[in-house]
Amino acid sequence: MHCAREEFFTTNKKGENYELKAELNSEYRHTRKDAVKKVIANMTVGKDVSGLFPDVLKNMQTEDLELKKLVYLYLMNYAKSQPELVILAVNTFVKDSDDPNPLIRALSIRTMGCLRVDKIIDYLTEPLRKCLKDENPYVRKTAAICVAKLYELNPELTTEQDFVKELKELVSDINPMVVANAVIALQDIHELSDTKDIFIINQTILNKLLNALNECTEWGQIAILTALGDYKVASNKEAESLCERVLPRLQHANGSVVLAVVKVMMINMQYIQDKNTVRVLCRKMAPPLVTLLSSPPEVQYIALRNINLVLQRRPEVLSNEIRVFFCKYNDPPYVKMEKLEIMIRLCNDRNVDQLLSELKEYANEVDVDFVRKSVNAIGRCAIKIEEAAERCINVLLDLINTGVSYVVQEAIVVIKDIFRKYPHTYEGIIPTLCDNLEALDEPQARASLIWIIGEYAERIENADDLINNFLENFKDESTQRVLQTATNECDNADIRDRAYVYWRLLSTDPQAAKAVVLSEKPAVAGESNGLSSGLLESLLSQIGTLASVYHKPAETFIAGRKYGADNVQALAHDPTNEDEDASAPPPQIQEALRNNSNLDNLLDLDWDEPSASTPINEPSATSSSLGDLMSLDAGNAAPSPPPSSTLSPTQSLTDIMNLYNQPSASPSNTFAGMGNPMQPQPQQPVQPVAVSSSMNDLFDFNMSTTSTAHSGLQQSSPLSPSLISTTQPLSTSANSKPAKEDPFAGLF
């Protein structure tokens, strides 16, 4: 065997990093500058160039501002991976903080704040203190943000060095941009602090912020307006004055500024007692909000979500502007849906005819979801405005006559709600609804028509025949009352559970069942799609944020986490550091899932006490309870010892087959009890189930024995023929007493 030749394993190519290293150490300035640009380009596309850290660091001391910015950018990106080498750059940072050029001074203090390395914090304090008192406003506003970054790294040091105190003094700065950055930094520090008392606005600070408001950039105005939203006015006059001071900002071209002003006004208008003043302010808020609807669709959607909140509190703001919310042909679906919601909120007796005409046109669109929402909106208008209910009914009848399947079905669904709102008022349209019985194929529409037929059965001659039409596909329906079929043959777990509850209710007390099932239904309470008052109050104080778009408090989707630079990088390197999911199961359930110990009977889980100490109840035929919901004959079954912790394959197989009450002594007869039609199984007599005399059994889902999951879990339905003569074999105990016969056994 020949030895491998060395030339095949050697190469003259040193790699791209080797070439960059040589260029970074070149004696020519332009070569070094181009090399740094190449390094930044590689870093941008995701290549690892951290090995060039010492060579890039050598180019830090230069008079070329562009090259210095590139080197600083590289340092900010790789400082975490090379914390020891960053110390070598401290002298240059300190030197640059005293540079005559304010851009270099600001650049040095910004970069030092972004390095996020603990070892450099001690060297940052003195340059930061000098920059906070710099004569150039650009340096001061940069230093203000650096204080917030330092507080995130080391709150104690920031407080001890009086940086927070100096930051508060910048709120009184003569430059509005310095004021805006100081407000932003103080708000961030306030959120990070435990005491939440860092930035409390008083009357003096309020006047300073209002004076700086008109001269700030748009983002500075947003920061100041956000801070003003947290200010608590002391009197009615102060609330009026604050609204008047921020009112001119409604004319700003930036939609975020407009929403920030709306937030401040909505918060303070609740303290204004003069109704005329409130009416004038509402009228002045309308044009800026309407203007936002001429923005791109994404901005429109955000504006519409915020307008929805405003209208829930102040519907008079846009009461005369319903036309601007009419849908355009090229609106995206999400914009159309939001416009429909707002149109319903703005609907009143003056514009309902105009709105019904518009909604009827929408019902002829090709977008099925939008058509359904439009038909539903017609019904909501009828529920909201009683005077217009008959006109809405006529529009719905016209839509039903079109014969379009999804239009007819949605119309029947909303007509059911109209019947609930105005009982015994529009019964004349019931024949028209029944004529469209064959066109219904959706569960909700079929359920609505069944409810109408059942509610007005005495006025419908062929009500029985109409109900029988629904029995053909009963297994797929969720509204039938034929409990025997529901518990025996239906595969839908939700339907079976409902049937079990009804059966236990009927078995316990028929009069109570009648009182529950045939109780008086409450009328539909009009427009009920609004948010609760507490949630609405919270969201109005967060207008212009994601919370106002989601219509959820911020705590529900950020879970109290702060995703700063350090947290994001830590999670990227070590996902285990992430906080536990707020929606995760409780620790006891997680432990059970890991041990897989209590999963054989999910309804028998008891998380209040350790499972080892949970007593096992012995079955008894004299019990006054109906027993286990899923094993009603457990009282007649012979008790079995608790299962051992380890089961052999044969034992496990036996336990599985015991669920069907078939003997399975060995794997050879595994399928002996699976209902082979060629091998009919013998039948055994069964004792009827004892009937409970207490209504408490209605929801008595306590599992009486643990052994039912291993030896005697019965699959027969409580309404199966086992109440009279069962077709499934059930094990009986020699000492079991005959139970009381069920008086409702033949009810079905």
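Modeller: Buried means under 20% relative accessible area, exposed means over 50%, and partly exposed lies in between (1.4 Å probe, protein chains only). This is a predicted model, where local features need pLDDT of at least 70, side-chain atom pairs count only at pLDDT 80 or more, and totals for chains, interfaces and linings use all residues. Residues are numbered from 1 along each chain as its sequence is written, and side-chain values use heavy atoms, with hydrogens and water left out.

Biologist: D96: buried or exposed?

Modeller: Buried, at 6% relative accessibility.

Biologist: Which side chain does D96 meet in a salt bridge?

Modeller: K68, at 3.1 Å from N to O. A salt bridge puts a side-chain nitrogen of Lys or Arg within 4 Å of a carboxyl oxygen of Asp or Glu. K68 sits in helix α4 and D96 in helix α6 (residues 90–96), so the bridge links distant parts of the chain, 28 residues apart. Helices here are DSSP runs (H or I, at least four residues), numbered from the N terminus. K68 is buried too, with a relative accessible area of 3%.

Biologist: How many salt bridges does the structure hold?

Modeller: It holds 22. One of them joins the side chains of D64 and K33, again with N to O at 3.1 Å. D64 is in the loop between α3 (53–57) and α4 (65–78), and K33 is in helix α2 (residues 29–44), so this pair ties together parts 31 residues apart in sequence. D64 counts as buried at 19% relative accessibility. K33 counts as buried at 17%.

Biologist: Which residues are linked with K33 and D64 in a network of salt bridges?

Modeller: K37 and E66.

Biologist: How do the axes of α21 and α23 cross?

Modeller: They come within 9 Å and cross at roughly 20°. Axes are lines fitted to C-alpha atoms over the stretch in contact, with angles from 0 to 180 degrees between N-to-C directions. The two helices are therefore roughly parallel, a label for angles under 35 degrees. α21 passes α23 in a right-handed crossing, where the near helix is turned clockwise from the far one by less than a right angle. The meeting residues include V371, R372 and V375 in α21, and E410, A411 and V414 in α23.

Biologist: And α13 with α15: what is the handedness of that crossing?

Modeller: Left-handed. The axes of α13 (residues 203–213) and α15 (residues 236–246) come within 10 Å and cross at roughly 20°. That makes α13 roughly parallel to α15. L206 and L210 are among the α13 residues here, and L242 and V246 among those of α15.

Biologist: Last topic, the largest nonpolar core. Which residues touch the most other members?

Modeller: Y74, L75 and V246, out of 176 residues. Such a core is a set of buried Ala, Val, Leu, Ile, Met, Phe, Trp, Tyr and Cys residues joined through side-chain atoms within 4.5 Å. Its largest share, 10 residues, comes from helix α16 (residues 255–269).

Biologist: What does L75 touch?

Modeller: F53, L57, M60, A89, F93 and L115, leaving out residues up to four places away in sequence. Contact means heavy atoms within 4.5 Å.

Technical notes: Parallel < 35°, antiparallel > 145°, perpendicular 65-115°, else oblique.
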